[in-house]
Each structure stands twice: as C-alpha cells, then as structure tokens.
Amino acid sequence: MKFLSLTMIITLACLTAYASENITFFSDDSLLITADSYIAHEDSAPFIILFHQAGFSRGEYKEIAPKLNALGFNALAIDQRSGKEVNGVINQTASRAVEKNLRDTYLDALPDLLASIRYVRDNMATGKVILWGSSYSAALVLKIGGDYPDLMDGIVAFSPGEYFERLGENPDFISVSARKIEVPVFISSASDEKDRWWPIYQVIPAQKSYFLPEMNGIHGSRALWSSTPEHLDYWNALKDFLNPFVIIQKPNPPGNLNMR
Amino acid sequence: MTIDCTIKKPSGPVIITASGPVNGKDIIEALIKMLQDPDFKEGMDALWDFRTVHSGNSETAEIREIVSFVRANQKKRGINYRVALVVSRDIDFGLARMFEAYSHELPFDIQIFKDFNDAQKWLNPSNH
C-alpha cells in the first residue's frame, strides 16, 4: 500500500509539470547566489531549502524537487559557492566566486546557506521551513540547526559527517552544534557511511530518525534519484519524516467569517 | 617512470609527483601506496603533479579503471576532499579533463591547474 501511494506521488510529480523559476539574491559578502524555486502551493505551505553536495549544483534536485511539490512542499534549490555542475546544470554561484577570486571551501559556503534561509523566510515562506543538506551541506545544516535554532522547523541530512577537520576545525565541529538542535531531524546515507554520522546523530537531543538501505545505497541526496536502485526505500523513509509537516488546509466553515 | 608520494602531517595534503611515462596502472599503484601509508588519513586533499610526465598513450579504459578504483575504495579514501591535478602539456590537460568527467559523480572536488602555486592555493587558501 505504502509502495503504491509513493508510486502514485512520483507519477503525479511526473505528470504535473511545476515550472521552476531561476532567481538570484545576495550572500552576506555580496556574492550573487543563484537558485531554482519550485513553487506549487501557497506561501503558507511548508518550505524546503535544498543544498547540494561537493562538486555539484542546484541540479542535484532537478528530479527531487518536483516530487517534493507533489508531497505538498514548496522548495528552493541553491547553488552554493563550493560546487561545480551536475545534471547539466552549472553552478553559477561557484562560477561567480571564482571570477571574484573568493575562497570556495565547504566552510566558505556557510554564509550562502544562511543567506538563503533568510531570503526564504523574508520573501517566500510564511509557514514551516525545513533545511535539507547533502554531504558537506548536510553537515552544515546540522551546524546551523544547533547554532541558529530559530531559523528552521526541521532538518533533513543526507550523508553528513565531520568533514571539516582538514579545514582547521575540531574533529567534533558539527557535533558540538548538533547538541543544541531543537527541531526534528532525519538522517540518511549509503549503508556503509553510518560510521561517519552516527556520533553526530547520537548527540542530537531533539526528535530524530534515520534510514539506511539494506543494500548499498549511495552518497548524498542522489539516493533519491531514480537511477539509485534503492530510491523508493529512501523515499518511503523520507515521506514518513516529512508527512507531519504537511497540514491539510480545510476551508473555513460557513458562518465563521467575520466572527467577533 | 617514478611516482613519489609525500604526506604533509598531520592533515595533508598528499603530494604525488610523477615523472616519465605514466599509465593507468602506475596511477593505481600510487593510489594503493598512498592508502597504505600509515600517515594517510581518509579525506586528505591530494595534489598530483604531472608536469613532467609523458602520458600520451593513456586510453579511456585506463581512466575509467582509475575512477573505478577510487569508487571501490571510497570508504578508505574518504569523501569531501579536494584533488588538484597539475599538468603542463595540452595532451595531459585533456586526459585530466577526461578523469574529471568520469569522476564527476564521486563525492570530491577536482580542479586542473597549469600553475603549481595556484593548485596549492586552491587546496589550502588559508596559507596564501
């Protein structure tokens, strides 16, 4: 039954062509950030901000975002300054960072994430906001989750880890922040990556859940691409986490209008 | 052919310097040596210096074989690291681009340089 309903949603997403729109806004250091918005609902609908993995672009979510629309979410997929290209989508923020000779390590992308969250909250969403990261950005959304608890209502992290030691940070850089997370968290990864994020997961005090595929799976949000053999299992687990965020909008009952 | 591998302790990068005729098998042997080095830690950045190699005979199959090796050893190699390839000849630049294309969906960053200092700067911008 569960499989059927998910298949229906995916089919619906394929049939319903929600057009994405390319938008730009500024990061804190005036670097222009490119993003694709996937808006299928009113601005009170839950909103997911999508961050890509190393070497990629907003194109990581080309297939995923329309399916999130079909599940009841609006979404925005960002180009962080650390990345390159995927699915034929060139990372325009990264290109601009190179042109401006700006640093582009994974940690240098942190202000891009924060600027994106603020942009969405100020301009695109009045309802709940969920942060979604992939690989290095999955680690960063967990860090933001602990350090800025008022900025989000939920966190999805595909293949997070303590990736920043070689950039001069402590080995528990993410865990230190994750200890302060107050919102529900979902973590997933390839099956052999659990060791990378399990210590982080253990210190999260908030409601949390995780999913690991029985077989290999794959690194990052790519797990949800239809090219990943286990993608339906990943989607089912994710849907269980996301469902409570979707509030069915009921029409006002007659007579309730203008009540004083 | 010679391939020397030195690891800057404690957290890298790994500097691999190749010279003379180099093929895919040589690269994989160098990768094995790197992974077996007691000073190697998963996720270390790497700088491959190919400025004095002669790799004209490398074929697509060899490039794919290297990518397959990296993919198969991902757990030990780590993820979210940077690989800088430094080349001097156009033909090597082409081969490096081919490697970049085939490894595109692996979770690490790769850049090709003709200037050694630019590669070092990209790997560790805070030291420059």
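Visitor: How many bridges join β1(A) to strand β2 of chain A, and do the two run parallel or antiparallel?

Guide: Seven bridges join β1(A) to β2(A), residues 32-38, and the two strands run antiparallel. Strands here are DSSP runs of E, at least two residues long, and helices are runs of H or I, at least four, all numbered from the N terminus. Two strands pair if DSSP finds at least two bridges between them.

A word on the model. It is predicted, so local features need pLDDT of at least 70, side-chain atom pairs count only at pLDDT 80 or more, and totals for chains, interfaces and linings use all residues. Residues are numbered from 1 along each chain as its sequence is written, while chains are lettered from A and ligands numbered from 1 in the order written.

Now widen the view. The open sheet has eight strands, in the order β1-β2-β4-β3-β7-β8-β9-β10 of chain A, with mixed pairing. Its edge strands are β1 (20-26) and β10 (208-211), each pairing on one side only. Neighbouring strands are turned by 20 degrees against each other on average, direction ignored.

Next, the helix. α5(A), residues 136-147, lies across β7 (129-134) and β8 (154-158) of chain A. It runs at about 145 degrees to β7(A). Axes are lines fitted to C-alpha atoms, for helices over the stretch in contact, and angles run from 0 to 180 degrees between N-to-C directions. Contact means C-beta atoms, placed from the backbone, within 7 Å.

Finish at A:L142. Leaving aside neighbours within four places in sequence, its contacts include A:I155, A:A157 and A:I200.

Note on methods. Contact = placed C-beta atoms within 7 Å.
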